[in-house]
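Here is a short briefing on a protein chain and its ligand. Look at the model first, then read the points.

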Amino acid sequence: MPDAEGVQTGKQYHEDVPQETRGFFLKGGGSYDWGLKNRLARVFRPDTGRTVMLAVDHGYFQGPTTGLERIDLNIVPLIAECDALFCTRGILRSVVPPDTVQPVVLRASGGPSILKELSDEHIAMAMDDAVRLNAAGVGIQVFVGGAFESRSIRNMTRLVDEGLRAGMPVMGVTAVGKEMARDAKYFRLACRMIAELGAQYVKTYYVPEGFESVTASCPVPIVMAGGKKIGELEALEMAYNAVQRGAAGVDMGRNIFQSEAPRAMLRAVRETVHNNLKPEDALDLYETLKRDGS
Ligand code: R5P
């Protein structure tokens with residue numbers, strides 16, 4: 001029998017005791033094979049254990065999102081500033097220069113547009129194409145609580161099986177429907193399910209209440225998704241709080257490419273994530289770089 005509602009008291013997440021990971025710098029990765037570890041070490045910086053991924057995959061279900069109308073003009077010049085790019089294979093082949101040295105994580109799910117039920121997704125690329133494109137990982141939505149919950153879980157476990165054969169890490173993304181709760185209780189459930197079912201890292205949203213219980217109860221690294229555009233200070237505070245409360249970095253899109261100065265914002269987020277720069281100081285850095293024309 002699952003826990004009944006309200007039987008949550010008495011749980012102990014030991015948020016102040018880091019999970020021990022022998023033999024590798026990333027949480028939960030000690031027993032992975034060499035290729036998986038090597039690909040993960042391209043996305044997550046071994047010196048900080050964190051990553052700043054730039055998410056520009058939004059077009060796979062919502063078309064030319066504001067800020068992504070021309071990825072060749074708006075995003076390609078930013079790639080050098082991120083630790084990894086998260087995009088679709090269509091964008092990779094059509095506009096990302098093949099001499100790009102930053103690792104690429106490829107969006108591997110798709111199907112419905114914003115006009116339809118979003119959880120009705122499928123695996124949308126073959127693993128051998130990800131290998132052919134020299135990807136450092138693949139990412140897939142998981143709709144816990146969604147109309148097609150079970151299918152999206154099955155999509156992810158199939159992708160994980162294919163990824164293990166190829167040495168390709170899978171990032172499971174907690175997809176939140178419009179009417180679904182976005183609280184720690186939900187994200188603990190979704191992140192833990194994604195990790196237990198085999199994803200090597202999880203992308204999820206930040207919640208002000210109890211985020212440390214989400215990261216503590218997930219046995220693999222969590223990267224924070226940015227969500228809708230908010231003010232720069234607020235976005236930097238969110239990134240700061242997420243890493244201070246256990247996230248291994250961010251995979252941010254709109255709060256970077258919809259900023260008035262995307263390059264300055266990306267640099268400020270990097271300082272926040274890798275060097276623990278306080279939000280007010282990161283905002284100062286952003287303003288200075290913006291003034292200087294970044
Ligand atoms: C995930 O569902 C999206 O495709 C984006 O990768 C994700 O939402 C991150 O971008 P943003 O920071 O704009 O939310």
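Predicted model: local features only at pLDDT ≥ 70, side-chain atom pairs only at ≥ 80, totals over all residues.

Residues are numbered from 1 along each chain as its sequence is written.

**The whole chain**
- The protein chain has 12 helices and 10 strands (DSSP runs numbered from the N terminus: helices are H or I, at least four residues; strands are E, at least two).
- Buried residues make up 47% of the 294 residues (buried: 20 or more other C-beta atoms within 10 Å of its own; exposed: 12 or fewer; partly exposed: in between; C-beta atoms are placed from the backbone).
- The C-alpha trace spans about 60 × 45 × 40 Å along its principal axes.

**Helix H12**
- Helix H12 covers residues 279-291.
- Its buried residues are Ala282, Leu283, Leu285 and Tyr286.
- Seen down the axis of H12, these buried residues fall within an arc of 160°, so they line one face of the helix (the arc is that of the directions from the helix axis to the C-beta atoms).
- Glu280 and Arg291 are exposed on the other side of H12.
- Just after H12, Gly293 takes a positive phi of about 95°.

**The ligand**
- The ligand is surrounded by 13 residues (near means a C-beta atom, placed from the backbone, within 6 Å).
- The closest are Ala55, Ala225, Gly226, Gly253 and Arg254.
- Strand S10 (249-252) and helix H10 (254-257) each supply at least two residues of the shell.

Methods:
Expected span 1.5 Å × (residues − 1).
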